[in-house]
Each structure stands twice: as C-alpha cells, then as structure tokens.
Amino acid sequence: KLHSDLDKGVGTVKYTLSGDGAGTLFTIDETTGDIHAIRSLDREEKPFYTLRAQAVDVDTKKPLEPESEFIIKVQDINDNEPKFLDGPYVASVPEMSPVGAYVLQVKATDADDPTYGNSARVVYSILQGQPYFSIDPKTGVIRTALPNMDREVKEQYQVLIQAKDMGGQLGGLAGTTTVNITLTDVNDNPPRFPKSIFHLKVPESSHVGSAIGRIRAVDPDFGKNAEIEYNIVPGDGGNLFDIATDENTQEGVIKLKKPLDFETKKAYTFKVEASNVHLDHRFHSVGPFKDTATVKINVLDMDEPPVFSKPMYTMEVYEDTPVGTIIGAVTAQDLDAGSSSIRYFIDLKNDVDSYFTIDATEGTIATNELLDRESTAQYNFSITASKVSNPLLTSKVNVIINILDVNEFPPEISVPYETSVCENAKQGQVIQTVTAADKDLSPAGQRFSFRLSAEASNKPNFTVHDYRNNTAGIETRRNGYSRSQQELYFLPVVIEDSSYPVQSSTNTMTIRVCRCDSDGTILSCNVEAIFLPVGLSTGALIAILLCIVILLVIVVLYVALRRQKKKDTLMTSKEDIRDNVIHYDDEGGGEEDTQAFDIGALRNPKVIEDNKIRRDIKPDNLRFPHQRPSVEDNTDIRDFINQRLQENDVDPTAPPYDSLATYAYEGNGSAAESLSSIDSLTTEADQDYDYLSDWGPRFKILADMFGEEESYNPDKVT
C-alpha cells in the first residue's frame, strides 16, 4: 500500500505506478494506493521487481511529491524438486575391493532459494542397490558396502539414488537417478585344465613344424588377466615337440620339432604346464596361478617312401675310363613293417645325365660314355628310389661325380714367346724368365723342368737355366750380338712335367737383337735401324734432323711468297692500256652507267707506248713487251684496231682467259649508220664534238670523252 501525507482522503490525490511488471504483473488502486499482483509469480524466473510510484493532483495533474522507488521481493516456497543434471551415471570398481572403496559421487541441484528455509537442503539415499553399495547422505559419494564382490559371480549392478529436499523431512520434494556400476576384472583366478590327460593321434608322416593338436586351460578372468602361457615340462618325449599359445583362442598348439617314426617309437608322453602371464601380487596367497596336464601322443603307422643311407653321395672316376665301369652305388631301404623291394633310376633332366647308368635293382652306377675332365670336371644329378609295392612313394638323392685327371697334355711355355737381347749384352746375362702352363689338373707339388733341345745345345748363342721352381731363365752364352749379322734367333726350349706318364713339349722362343744404351734400355729394334752408319752418335742424328726442318721451313716460305706474287699479277689497274672486261654475271647499267670502262684509251694511241705487264694471267716467262711503232694522231682508228687484233692473235699469252678484249668497232655489215665520228675522213683537229652535249644525258659520256680531246697531249701520258 502507498500513501501520501497530502492525501486527506477527499479524492484529490491520484496514485500512479511504473517499472518492472507495472500493468502486467502489478496494478495500483489510483485512489487508495493499494498494489495488487494480477497473476502468479515464480521466484525461479525473477526473484525481485523494481517499481516507481508517485502521487499526482487529480485536477492539475501535477506531482504532489517526488517519485518514489521500491522493490518487491518474491518470497520462495518449496515448489522445485532436486534434479540430477548429469544422470544417469556409469561407474566401475575393481572386483574383490574392500568395504568402503570409492565408486562415484553424484550431485543433485534444487532450484529453490537455499537462503530461505529448507527448500533447497538435499539429502541422498539409496532406493535400490543395497546391500552392495552405500551413499553418503550429504555428499552423495557412493562406496562399496560388501567385501569380495566377485566379477565372475556378478559383473553388472544397477543402483537407484534418491535426492530429497526439506532435509529429507516429510513433505519434501524428491528426484532420482540411476547409477550403472561394473566390476572390473582382476587376476584372481588361476588357469585350470578341464581334464588331466589329453590324448592325441599323429601320423608318422607329419611334417616338422606342423601343428599336430591343441589343448586348452580355462581361466575365468577377462582380458590380459586371462592370457595363458603353455610350456612342456622336460621329460619323456618332450624334445620332439613344442607348444605355443594361440593369442585369439588362448589354446596351446602342439607342434612337431623332429620327424616321427612309427618303427622307432610308437607313443610319447609328456606334461604341459599352463600359467598366467600377468600376475597380481595381491592374490598370491590364493595359491599358484598355474596348472599341469598330461599329453599322450600315439604315432600312427603310414606307408612311407624309401630312405637313402646317405643324404648325398660323392664318387670319383678317372677320365677315359672304359664304358661300363662301375664307379659306385647308392642304397635305399623301406623302413615300414612290410619291407618292399626298391627300384632305382636316374632323374634325366638334361643330356649330361646320360653319361651314366644305374642298375635298377642293385643301385650300382656305371659309366655310359667316355669322360673328359677338360670338357666337364664334375657331374651332378639325382637318383630316384621307389617302392615296388607303391611306385608313387619315391625319394631322391643327389650324386656328385668328380672326374680325376689323367696326364694327357704336355706343358707349354707361358707367354711371351718373344723376347729381346741387347747388342752389348754380356755373357751369362738373363734376358727373360719363363714359366709353364699345363691343361691337365696339376696335382699338388707337380714340377716342370726346362732344358734346351739337343740340336740347340751345341750352339754358342743362348742357354736355358732351370731354377727348379717351375721357372727358368734364358741366358746369353757370349758377349755382344750384331743386328747387321743376325737380327733374330730361334731358341727351342723343352718343358717336361712330373706326372705319369711324363709329357713334354718343345717351344720355340724368338729372340730379337736390339740396340740399347749403356744401362740396357732398348733404343731401337726396327729392321731399318741396321742400315744406319756405324758409330753415328745421337748428337749427329739430331743435327741432321734439325737441318731437314730448316730446309722445309725455307721451302714453305718460298712457296708462300710465290703465291703472294701471283695474286699481285692478277690485279688490274686503271692505267692498263688493254680493254679488259671482268665477267661477274652481273648486268651493267647501260649508257647511264658512269662507272663503265673508259674507252678513251682507244682515242689515245700514245698510251700503247707504256710497256705494262699483263696482270690477269701468269706468263710462262717474264718477257718485256716489244716496242710498237708510234701511231700518229691522224692514224685511222680501224688500222689501229686491226694492228691490235693481229698482235693478240699471235700472242700466246693473250686471252681467252678470265678477261674479254673489246675493240669498239661495229663493222661494215651494219644496216644502221654509225652515230660516232670514227669513220669521218677529217682529222681530230677538224672535228667539233660540242654538239654531243646537246643530245641529252644518254650522250654525256661521249661528250665528256671527245670534248677533252682538244686539251689532250699524248706526250704527257704516263
């Protein structure tokens, strides 16, 4: 309720309300000032509201007092039950845990006001799960309530937890949740065999390493606590077998370590021990975590292939042994109870195997062809043995036959077959050491002997000195040798071996006489060197070679100068009186070509008086041109041209070469009249060529040539 001191109760004061929830949640009586809630309030949504009120004059609408602010608090009631926000819960605890072992802590939340009354005071309790677990009423911690809970008996537990407010008193609200608890495994159980004796039957033909049976021990534990390791207890027959654990099934797989033979032993008995791999020291007091069982194995008789007496046979035979000679035998037996006869045959894989035969009944091996150690020193083939009662049962064995050598090849001298001796060699000087080689397989300690042949023993040139270590030296028997007298010597050397029968051969060595210096270094062994003057020193030879080189240099320089001179004679000059046209396969410029050949020389007979040598050819002999008679100024040009033509016709050095003589004479047979004044009967002094300048640029060259005749002075021509 709101009330102003200015309100006299006569209705002159009006109350107004504003702020949180004004008009929606709260309303005010304008006359009395009473505030009412117009709908239900929830403290959990909004715990308080801030409002403003004011007293206003009804007539003037003006406030009578300043606006006042006040807070309305919502008082809590117990209208919310506790809730487990994280439920349902999952927890685990090891089996065999002691009483009070921690499992899990749960927590419930109450939305009521914890500061007002007991509406938010929660108490925990177990509705389902006793007597296995307990819970702390205040903290919600769950613990084990029974000792030695066994996972193998019961693994899963479901516990129902209740949280109640108002301190658990009557009338309080409650909420529940579920906790699923699993007992985790510990290694508290040893492995146990379900029976004490295991019987296995194994064929004697079982292969080494193959699995012949399985046994299993049972361990109720789980995971790694159930892993089992199997071992064979040392004893009777245990060394023939082995056992390993199958990781998927935890079974013991028995494997064969050695082959079985029914005829040798028909049964084996041994013990197998099963134990846990991962032990838990807390349960050692329970007892040993292992168990033992007996395994009995009965060997089954099988029809087996024959067995050879040896895993491999090695034999020897001399080469060239006669065909049919027995060199050895193989033996195989049927070890089964009902012994069967054996048949032998060679496994023919290639042509080499046909060199031998085998007796099918006795197993004796004989030669089928002549053997040659130098072709094949060893033979390797297989022999198969089969049972007559069951030919499908066969066995194979390898046979190696080594071919022994017979001394059939004589020794020969090793390379080189040629050596040299200096002209200045001294008597007793060793010029070559030789060795021998034998194609036969030389036995240990075989010796080779060296000597001269009988026909060479009496010659006084060379001898052979046997060092008795399978080598020999070629020695000189006199002082000095002359190439001019004899260049080559042939020395027959006889070599014998020490095998039986003794083999020998005569080997001819070629000894070449060479010129050497004082230290014995070979200078020359060529045949041409024999014909050099005797006593010619090295310095003299060098001087001769130096003179030859100087002469060659002079000749080269002379040839180069001649070539350069030839190039100069081929050069043309503007002062040459000849009319030469060099042909370049290039079209000229016609009358407007100002670079054309100047034929003004035809108008200057005095030019011929200059004696010049032709440069476009190379004359055979250097000759001086003969003096031609001088031509007078009024000499007819035609006579002059005929004279020049005749000179060229009789001149052996004249063209045709690489030039063309032009005479500028048209001839008498032309249908057109000549444009020049060459045929004019008047002399040059009477001619006037100024009119050529008026004929245009085509006659500019003629005008320039004939216009200069007035000032031409033949005496000044050079």
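Which residues have the most contacts inside the largest nonpolar core? Keep that in mind while we set up the view.

**Before you click.** You are looking at a predicted model, where local features need pLDDT of at least 70, side-chain atom pairs count only at pLDDT 80 or more, and totals for chains, interfaces and linings use all residues. Residues are numbered from 1 along each chain as its sequence is written, and side-chain values use heavy atoms, with hydrogens and water left out.

**Whole protein.** Show everything as a cartoon: there are three helices and 37 strands, both taken as DSSP runs (H or I, at least four residues, for helices; E, at least two, for strands) and numbered from the N terminus. Of the 718 residues, 35% are buried, meaning under 20% relative accessible area with a 1.4 Å probe and protein chains only.

**Stop one: the largest core.** Now select Phe193, Phe241, Ile254, Val272, Val295 and Ile297, the residues with the most contacts inside this core of 25 residues. A nonpolar core here is a set of buried Ala, Val, Leu, Ile, Met, Phe, Trp, Tyr and Cys residues joined through side-chain atoms within 4.5 Å. Among the elements that give two or more residues to the core are strand E13 (197-203), strand E18 (267-276) and strand E19 (290-300). Centre on Ile297: beyond its neighbours within four places in sequence, its contacts include Leu200, Ile212, Phe241 and Phe270, with contact meaning heavy atoms within 4.5 Å. A second, separate core has 23 residues, including Val103, Leu104, Tyr157 and Leu183.

**Stop two: a three-stranded sheet.** Move to the open sheet with the order E1-E4-E5 and antiparallel pairing; strands pair if DSSP finds at least two bridges between them. Strand E1 (13-19) and strand E5 (68-73) are at the edges with a single partner strand each, so one side of each has no neighbour in the sheet. From one strand to the next, the twist averages 30°. Select strand E4 (residues 48-57) to see the six bridges that join E4 to E5, then pick Thr50, whose bridge partner in E5 is Ile71.

**Last stop: Thr510.** Is this residue buried or exposed? Find Thr510 in strand E36 (residues 504-516); Thr510 counts as buried because its relative accessibility is 18%. Leaving aside neighbours within four places in sequence, Thr510 is in contact with Tyr417, Glu418, Thr419, Leu488, Tyr489 and Phe490.

Technical notes
Axes fitted to C-alpha atoms, helices over the stretch in contact; angles between N-to-C directions. Buried < 20%, exposed > 50% of the residue type's maximum accessible area, 1.4 Å probe, protein only.
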